[in-house]
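Please open the model in your viewer and keep the selection tool at hand. The stops below say what to pick next and what is to be found there.

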Amino acid sequence: MDPKIPKMNSMIPDGTVSRSIEIGLRVIGVWPDSSYSVLRRAFWMITLTMAQTFQYRYFVIHVRTDDLSHLMDGLSTTMSYSLLLLKLTIFWINRRLLNEIIASMSKDWKECDISNEYTMTRIAYVSRWVSNVIIFSHMMSVFLYATGTLLKIKSKNQTNTRELIIKMEIPFEIETTPQHVIILVTQFIHQTTAAGMVGVLDSLLIILVLHICGQIDLMRQKLSEVTRKNIERKNVDQDVNESIVKALIIRHQQIITFSKNIENLYSNIALIQFFSNTLVICCLGFLIVISIGVPGGSMMLIKSVFFYIVMSLEAFIYCFVGEHLSTKSEMIGDSAYESLWYESSPSQNRDIHIMIIRSQKHLTLTIGKVAELSLRQFANIIKASASYVSVLHAMY
């Protein structure tokens, strides 16, 4: 029996943050104690700024002359790049806050006892699976987007043009095929890497929220165990029980602090995400609508459909985790009230009462401190984008 124990322990992850997320955060230079972080941040700032300059230059030059579908196609990728640049800037500014959050998660794992291993391990595996799926989905959207562009380039009516994967107005003429191929490969690699970084930052939010929700579940479990032991063991030391309840209150305060740190890190990101996703989903929805049943529209559908799904999924992620955190935090008060508090001492009842009162102010993630992230906000994004699509389709 003993030889099996090390094998079981070796399967338990040493933290909720997956290896892919850690690598992504190291690449952008925000992981604690990562080497050459300044150079990595400078690399991303320079490359994204150059890409954005060429993208907005294309939009300004062709806004009056190009077809509306081409403008919407270029605008969708341009806004996605702008959103990533703003996200990275916010992370660079708040990297100390991120270090504090990661240190707090590491502390939770170090203090994890045998009774908590199953819950924390299960959450870790779910977090890693979800994060890998999200990162893969973002990178797959780039692959399909590039595939649709390449199919369009090879079509008969595109033989005399040198279209790029991402619509840019570069400061030189593409005169030869090798030059065109080099630019296409460079765009594909950069776009794939950028999409992976978007997936990393979105997955990190899910990991943080699932971790804090797991800590809430453990706290509720401990609360029910303490009150149950009070009944089953009448001769237990009352001072010990009171210290355990007070420790749970301290744990509740730590959960609140952790939630506020997530809010401070992602609140402004959620604000720009809200407006950007609405606009990008609108552009992609318009491209999908006008491509259905049109000759050559299948190539645009290949580019846009999965991109549309991923952008909608990104908006859903932010709204869902906000809703999930609020629901979980409200359960703390429910668990405290449903415990056997009426069999406890007056001092313990007072502590539990304080916990119930504090839990009535549920934990939230907000859109720039203006509105709470919830599934209702996701519905608002979809409805607003659908309304804009109908307007654009009427103008087309």
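Begin by selecting Thr119, which is buried, with a relative accessible area of 11%, where buried means under 20% relative accessible area, exposed means over 50%, and partly exposed lies in between (1.4 Å probe, protein chains only). Thr119 has its place in helix 6 (residues 114–154); helices (H or I, at least four residues) and strands (E, at least two) are DSSP runs, numbered from the N terminus. Not counting residues up to four places away in sequence, Thr119 touches Gly214, Leu218 and Gln221, a contact being heavy atoms within 4.5 Å.

Before moving on, note that this is a predicted model, in which local features need pLDDT of at least 70 and side-chain atom pairs count only at pLDDT 80 or more, while totals for chains, interfaces and linings use all residues. Residues are numbered from 1 along each chain as its sequence is written, and side-chain values use heavy atoms, with hydrogens and water left out.

Next, select helix 2 (residues 19–27), where Ile21, Glu22, Gly24 and Leu25 are buried. Seen down the axis of helix 2, these buried residues fall within an arc of 160°, so they line one face of the helix; the arc is that of the directions from the helix axis to the C-beta atoms. An α-helix has 3.6 residues a turn, so residues three or four places apart point the same way.

Select Ile28 and, leaving aside its neighbours within four places in sequence, look for its contacts, among them Arg40, Trp44, Leu88 and Met197.

Now follow the chain just past helix 2, where Gly29 takes a positive phi of about 80°. Most residues other than glycine have a negative phi. Asp33, although not a glycine, has a positive phi of about 60°, and Asp33 lies in the loop between helix 2 and helix 3 (37–62). Tyr36, in the loop between helix 2 and helix 3, likewise has a positive phi, near 55°.

The end C-alpha atoms of residues 269–294 lie 37 Å apart, and the span is 88% helix and 0% strand. For residues 300–321, the end C-alpha atoms lie 32 Å apart, and the span is 100% helix and 0% strand.

Finally, colour the chain by pLDDT, the predictor's confidence in each residue, from 0 to 100. The protein chain averages 83, and 87% of the residues score at least 70, but pLDDT stays under 50 over residues 1–13. Where pLDDT is low, the predicted coordinates should not be read in detail.
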